[in-house]
Number of protein chains: 2
Amino acid sequence: MSDSLKEEIHRLGAQALAASRELAKLSTEDKNRILVAMADELVAREGPILEANAVDIAAAKENGLTPAMIDRLLLNPARLAGMAGGIRQVAELPDPVGQIIEEWERPNGLQIQQKRVPIGVIGIIYESRPNVTSDAAVLCFKTGNATLLRGGKEAIHSNLAIAAALQEGGARAGLPEHSIQLIPHTDRATVKIMAEMDQYLDLIIPRGGAGLIETVVSLARMPVIKHYDGICHTYVDKAADLDMATAIVLNAKTQKPGVCNALETLLVHRAVADTFLPKIAAALKEKGVEIRGDDATRAILGDDAAIAATEKDWTTEYLDLILSIKVVKDVDAAISHINHYGSHHSDCIVTANTNAAEAFLAEVDSAAVFRNSSTRFSDGEEFGFGAEIGISTDKLHARGPMALRELTSYKYLVRGEGQVR
Amino acid sequence: MSDSLKEEIHRLGAQALAASRELAKLSTEDKNRILVAMADELVAREGPILEANAVDIAAAKENGLTPAMIDRLLLNPARLAGMAGGIRQVAELPDPVGQIIEEWERPNGLQIQQKRVPIGVIGIIYESRPNVTSDAAVLCFKTGNATLLRGGKEAIHSNLAIAAALQEGGARAGLPEHSIQLIPHTDRATVKIMAEMDQYLDLIIPRGGAGLIETVVSLARMPVIKHYDGICHTYVDKAADLDMATAIVLNAKTQKPGVCNALETLLVHRAVADTFLPKIAAALKEKGVEIRGDDATRAILGDDAAIAATEKDWTTEYLDLILSIKVVKDVDAAISHINHYGSHHSDCIVTANTNAAEAFLAEVDSAAVFRNSSTRFSDGEEFGFGAEIGISTDKLHARGPMALRELTSYKYLVRGEGQVR
C-alpha cells in the first residue's frame, strides 16, 4: 500500500473528526435547513450528475456488466428526484440528538442526565449503487455525524458528483467543511486503511455483499455494524389458518424476492402438511417459484413438484424465486431449525394458538420475530422509523431495522455543587 | 496453535451457545434463586478455594511478582465473603431482561414491541484478579448471558475453583449446564482462538491493561467493548469557587489515584492561575503529589515546586500521585485540550458560570462530563446502577459506566392478523 494513499485517507479522517465537532453544535433547525439545501442542489445539478453517471454506465457496458448491474448503477431524472425527495423526508423526521434518555438525582444531590449525542465519524463502505452516497450520508448528517464514504469503482464518477452536490449545496446553508467526504479512490487498499483508522472513525458500516462485509469484519479495529444475509423462515403451525398462511408465504417469497427480508425457507407442521403443502405448492407454481423439499415434502408433493433439498439449502439466501421446504414435528422443532440454520434476521409463525406463538416469539433468536404477518415488514419504513440505513444482524448497539436513533451514542452529564467522595 | 486447543475451546463455545438458549428462558425469580445458591456455595467452599489460591500465591512468590501484584491475587475469608456479598447484591438488583422498551401500533394494525433480551454468549478475557471470575460471570448471568471466561495464568487455580463453585452451586438451584465456563488454559493462543470464534461469542469484554485490550481489538471478529485508560481532566474556570475547586481536585487526584476515573491533568484559567495554583500546589504537596507543569504553571509555582511537563505528560494516565497542570486562556482552550489529549472518559469543569459549564458539558466529547463534582463519581455504583462491569470508552452500545442494562440486547416482536405487503 502506498504511503501517500494512507496519508491522504488519514488526512480525510482528521478532517472528518474536526467536522464532527462542529456538526455536534448544530441545532435541529440548522440541520433541516441544510438538508433541504442538499436536496435542492442535487436537483439543480441534474445535468452534471447524469453526465458523470453516463461515464460510469459507458464503462460498465464496456466491462460487460450484466443488465441488472447496469440498472443498479443507472441514474435518471426520476431516480435523482427520488434521492432528493428522500432527503426532504429525512429533514421532516424527528431528530433524536439532544434527547434526554433518562435523568435522576442521587442521594448526594448529584443531578445525572443521559443525553443522546452523535456518534462522531462514520465510515460507509459500499458497492455499486450510487444512491447509497446520498442515503447514507444524509441519515448520518441528520444525526450530527460526519461521514467518510468509500463507494465502488463502478459508480465512482456518479458518487463524486453526488457527494460534491451534498457537501457544496449544504455548505451554502451552513454545513461545516468536510462533513461529507468521498474517498476518490476505489482500490481495495482503501478498505484496509479505513478499517485500521480507529483514531478517526468511530464506526464502519459496510453496505454490500458478504465478501465485502467479511473483509471489513476481519480487518476492522473499530465497531462494525453488519447487515448480513436474511435467511428468513415462515413456520406454518398445526393451528394455522391455512388461507392466511398461503397469503403470508406467497407475499414473503414473491412480492420482492431479491431483498433480505424475503422468505427463503418454509417450515410446515406435519399435522397440516398433507393439506397445506399441495395448496401452497400450487400457488407458488403459479408465481414461478421453484421448490426444494425435504423427503417428507417430496413424499406429499411428488418428486416432480419439488427437487430434493440438500443440507446447503437450509443455509442459502436465494434472493430469487426458489423456496426450500421442510416438514417439522412441532413448534420446538421449528424453533431449533431456525436458530440452527437461520441468520437471526426475520422469522414468522403462522398460528391461531397463542401458546405456540409466544414460545416462537420468545425463543427464536432473531432481530425481528413475527406472528401472522409477512417478514417483508421487517423494514425501517414499515416499522414507522421513516428511513433506515439497513437491517442489522448484530446484537450490539443496533439490531434489526437501523434508523436515526441507532446512528447516535449518548453521554452522561453530571451536575453538582462541590460533591466529592 | 495446536488443533486440539482450538477444538477444545470451540467445544466450550458451542456448549456456551446451547446454554444461552436455556438461560434466555429463566425467569427473574429463577435467576435470583440461582445467584443466592452461587453465593452460598462460594462461602461453603472457602477451604478449597483458599487452598487453590495458596497455590497461585506460592507460584507468584516463586516467580518474583511484586507485593502489589501478589496482593491483587490474594484471597482470604473476608475477600471471599465480599465476593459472595456482591453476588447477593446482584440478586437484589432489578432485572432488565424482558422489559418492553417501546411498543406501538402501525396504521395497518401490526403491533410492534421492542423487548430487552440477553445478548447471548459473552467472552471475558482478564488478567490477574480472581474476583473478576465471579463479578463478571454473575453480572452476565443476571442478564441471561452465558460466559466463557479466560483469566490470567497467575490466578488459574483460584479462577478454576471459583468458576466451579459458581457453576456447581448454581446448578443445584437450576443453572443450566455450561452457563459459566472457565477455559483451563492461559497461553496467548487462547485469546486468538476466542477472538476469532464469532460463531459462538456475541461479544468480548477484555478486562485489563492496554496491551491485552489492543491484542483483542486487533484480532476480534465480534464486537469488543473496551475499557481503556482514563486520562481525566478537571478544568478550573475563572468563575470557579476556588475552595470548591481545591476540594474537587484533591479528591479526584488523591482519594484513590490508581483507578481510571482519577484526575490526571488539571487545567486552570489564566485569570485565576496566580491565586489558585499556589493554593492547590500547597494542598497537593501535603498529600505527596508530584506536579508536572507547563511554562506558565512553573512561572507561578517556581521550578522547584513543578517539574517541566513534556508533550507526553498530556497523554499519560499516571495512576499515581502525579498531576500534570496547564494554564489555558479560556473554556474553549480547555475543551480543545481535553478533546485532543484526553481519553474521552470523565472530565470536569469547576465554575459558577452556567454558560461556561453548559458549553463544557456539551462540547467535551467524553462518556461522562461533570460540573462542580469529582470525576471519581464516574462509576456504576455512584451512578446508582448497583454494579458495573467496567467503564466503557467506546461510543457504541455502551458508553461510560456499563451495568446490567448494557449487558442486554433487544428484539422486535411483531404481531399481526394476516397482514401482507
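The contact between the chains takes 52 residues from chain B and 52 residues from chain A. The model is a predicted one. On the side of chain B that touches chain A, the elements giving two or more residues are helix 9 (210–219), helix 10, strand 13 (368–373) and strand 16 (408–419) of chain B. Strand 16 of chain B supplies the largest share of that side, eleven residues.

**Symmetry**

Chain B is superposed on chain A by a rotation of 180° with 0.0 Å of shift along its axis, and the RMSD is 0.0 Å. That is the relation of a two-fold axis. Of the interface residues of chain B, 100% are also interface residues in chain A, so the copies meet through the same surface.

Which residue of chain B comes closest to the rotation axis? H397(B) does, with its C-alpha at 2.0 Å. H397(B) lies in the loop between strand 14 (390–392) and strand 15 (400–402) of chain B. Its phi is near 70°, a positive value in a residue other than glycine. H397(B) is buried, with 20 other C-beta atoms within 10 Å; the count matters because a residue is classed as buried if 20 or more such atoms lie within that distance.

A positive phi also occurs in chain A. H344(A) is not a glycine, yet its phi is positive, at about 60°. H344(A) is in the loop between helix 13 (331–341) and strand 12 (346–350) of chain A. H344(A) is buried, with 23 other C-beta atoms within 10 Å.

In soluble globular proteins, nonpolar side chains tend to be buried together. The largest nonpolar core here has 125 residues, and M194(B), I204(B) and F360(B) are those with the most contacts inside it. Helix 6 (residues 131–142) of chain B gives the most to this core, with seven residues. A second, separate core has 124 residues, among them L17(A), L201(A), V236(A) and A240(A).

Apart from neighbours within four places in sequence, I204(B) is in contact with G123(B), I125(B), M194(B), A195(B), V216(B), A220(B), M222(B) and V224(B). M194(B), one of these partners, is itself named among the residues with the most contacts inside the largest core.

**Helix packing**

Two packed helices are described by the angle between their axes and the distance between the axes.

| Helix pair | Angle between axes | Distance between axes |
|---|---|---|
| Helix 10 (residues 242–254) and helix 11 (residues 270–286) of chain B | about 40° | 10 Å |
| Helix 3 (residues 46–62) and helix 7 (residues 156–171) of chain A | about 160° | 7 Å |
| Helix 2 (residues 28–44) and helix 7 of chain A | about 130° | 8 Å |

Helix 10 of chain B and helix 11 of chain B are therefore oblique to each other, and helix 10 of chain B passes helix 11 of chain B in a right-handed crossing. On helix 10 of chain B the contact is made by L242(B), A245(B), T246(B), V249(B) and L250(B); on helix 11 of chain B it is made by V272(B), T275(B), F276(B), K279(B), I280(B) and A283(B). Helix 10 of chain B is also one of the elements that give two or more residues to the side touching chain A.

In chain A, helix 7 packs with helix 3 and with helix 2. Helix 3 of chain A and helix 7 of chain A are roughly antiparallel to each other, and their crossing is right-handed. From helix 3 of chain A, P48(A), I49(A), A52(A), N53(A), V55(A) and D56(A) meet I156(A), H157(A), S158(A), L160(A), A161(A), I162(A) and A165(A) in helix 7 of chain A.

Helix 2 of chain A is oblique to helix 7 of chain A, again with a right-handed crossing. In this pair, I34(A), A37(A), M38(A), D40(A), E41(A) and L42(A) of helix 2 of chain A meet A165(A), L166(A), E168(A), G169(A) and G170(A) of helix 7 of chain A. A165(A) meets residues of helix 3 of chain A and of helix 2 of chain A.

**L73(B)**

Helix 4 (residues 67–73) of chain B contains L73(B). L73(B) is partly exposed, with 19 other C-beta atoms within 10 Å. Leaving aside neighbours within four places in sequence, its contacts are D56(B), I57(B), A60(B), S128(B), P130(B), E154(B) and A155(B). L73(B) and Q89(B) are 16 residues apart in sequence and 23 Å apart in space, C-alpha to C-alpha.

Conventions:
Residues are numbered from 1 along each chain as its sequence is written. Chains are lettered from A and ligands numbered from 1 in the order in which they are written. This is a predicted model: local features need pLDDT of at least 70, side-chain atom pairs count only at pLDDT 80 or more; totals for chains, interfaces and linings use all residues. Copies are superposed by least squares on the C-alpha atoms of residues with pLDDT of at least 70 in both. Two residues are in contact if their C-beta atoms, placed from the backbone, lie within 7 Å. A nonpolar core is a set of buried Ala, Val, Leu, Ile, Met, Phe, Trp, Tyr and Cys residues joined through C-beta atoms within 7 Å. A residue is buried if 20 or more other C-beta atoms lie within 10 Å of its own, exposed if 12 or fewer, and partly exposed in between; C-beta atoms are placed from the backbone. Helices (H or I, at least four residues) and strands (E, at least two) are DSSP runs, numbered from the N terminus. Axes are lines fitted to C-alpha atoms, for helices over the stretch in contact, and angles run from 0 to 180 degrees between N-to-C directions. Angles under 35 degrees count as roughly parallel, over 145 as roughly antiparallel, 65 to 115 as roughly perpendicular and the rest as oblique. A crossing is left-handed if the near helix is turned anticlockwise from the far one by less than a right angle, and right-handed if clockwise.
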